[in-house]
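Dear colleague,

I am handing over the structure below, and I would be grateful if you could look through it alongside these notes.

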Amino acid sequence: MAGHSKFKNIMHRKGRADSARSKLFSKLSREITVAAKSGLPDPAMNARLRLAVNNAKSESLPKDVIERAIKKASGGDAESYEEIRYEGFGPGGVGVIVEVLTDNRNRAASNVRSTFSKNGGNLGETGSVAFMWDRVGQIVYGPEAGSEDKVMEAAIEAGAEDVESDEDGHTIYTAFEDLSEVATALEAALGPAKSTAIAWRPKARTPVSGDAAASLMKLLESLEDEDDVQNVYSNEDIDAAELEKLAG
C-alpha cells in the first residue's frame, strides 16, 4: 500500500510478507469501514467502497471480514476515523507523504513525528512536500497480466496517461477524474487489477545512496509498521543493485 513499491516487492520476496499480513488486513478493513461510512454501505452505489472492497479481495481478505467491516460502519459502535496527511523529508532530502486513518489524532501525530526523528527525517508543514507530487489514479497489475506491449496497448485504448512496467508487474496511471472509467475498460481487457487507488505520483525523483539510502529504508519500513498509517509515498531514486543489497 505504498509509493515505494520496488522496495516493498523486494522485501516481500525476502519472505517478510507473512508477518505484515495481519497488519495489511486490518488496514484494508479500516478503509472499507471508513468508505462505507462516507456514503451508502453498498459497493454498487459507493465508488470509494467499491474500490476498497476490490482492493481487499485482491489481497485475499476473507469475504466475511469484508462484510463485517461494512456492517461495522452502520453500527453505532464504529470508531470515528479521521483522515490526516503528514508530509516531511527523509534522509537524503527525499520527500515523504504519509496518509493516516486514525481514531486518535494525538497518538497518530506523536507516532509519525517520532518515527521521522528516530530515522533521520523531519516532519514538515502540510503542503511542504505535496506540491512535488501529482494526485492521480493508479491501477496495478501483476506480471501475469501480459507483456509490456500488451498492457501498454490496453492502457492507451482505455484512456490511461502512462504505464510503468518491470519484473514485478505494471503500474498504470490515469487522470484523477478518469480512474473509474479507465479501470473498468482495463478490467474488460486484462481482468481484475491487483489494486486500484487514488495515489500520489512524484513529478521528479531524488537520487539517494549509501548510508542515507539505508536510513531512508528504515524510515519507510517503520512508517509502514505504524497501525494508524494507511499509505506511504516517497520520491527516492535508488540504484536497483543497491536496493537489492539493502534488502538483503
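What follows is a short account of the salt bridges, a charged surface patch and one backbone angle.

Please keep in mind throughout that this is a predicted model.

Salt bridges

The count of salt bridges comes to 12, and a few of them are described here. The side chains of Lys23 and Asp227 meet in one of these, with a distance of 3.6 Å from N to O. This pair links distant parts of the chain, since Lys23 belongs to helix α1 (residues 5–38) while Asp227 sits in the loop between α7 (210–225) and β9 (229–234), 204 residues apart. Lys23 is partly exposed, with a relative accessible area of 28%, and Asp227 also counts as partly exposed, at 48% relative accessibility.

Between Arg201 and Asp162 there is another salt bridge, in which the closest N and O atoms are 2.6 Å apart. Here too distant parts of the chain are linked, with Arg201 in strand β7 (residues 195–202) and Asp162 in strand β5 (residues 162–166), 39 residues apart. Arg201 has a relative accessible area of 19% and is therefore buried, the limit for that class being under 20%, whereas Asp162 is partly exposed at 28%.

Arg68 is exposed, with a relative accessible area of 51%, while Asp64 is partly exposed at 44%.

Surface charge

On the surface, a patch of negative charge is made up of Glu148, Asp149, Glu153 and Glu157. Glu148 is placed in helix α5 (residues 148–158) and is partly exposed, with a relative accessible area of 48%; this residue can therefore be part of a patch, for which over 30% relative accessible area is required.

A backbone angle to check

Which residue other than glycine has a positive phi near 65°? The residue is Ser60, whose phi is near 65°. Ser60 is found in the loop between α2 (47–58) and α3 (63–74), and is exposed, with a relative accessible area of 51%.

With kind regards

Methods: Residues are numbered from 1 along each chain as its sequence is written. This is a predicted model: local features need pLDDT of at least 70, side-chain atom pairs count only at pLDDT 80 or more; totals for chains, interfaces and linings use all residues. Side-chain values use heavy atoms; hydrogens and water are left out. Patches are made of residues with over 30% relative accessible area and no salt bridge: like charges are joined within 9 Å, nonpolar side chains (Val, Leu, Ile, Met, Phe, Trp, Tyr) within 5 Å. Accessible areas come from the Shrake-Rupley method with a 1.4 Å probe; for residues, only the protein chains shown count as cover. A salt bridge is a side-chain nitrogen of Lys or Arg within 4 Å of a carboxyl oxygen of Asp or Glu. Lys and Arg count as positive and Asp and Glu as negative; His and the chain ends are not counted. The place of a charge is taken as NZ of Lys, CZ of Arg, CG of Asp or CD of Glu. Helices (H or I, at least four residues) and strands (E, at least two) are DSSP runs, numbered from the N terminus. Buried means under 20% relative accessible area, exposed over 50%, partly exposed in between (1.4 Å probe, protein chains only).
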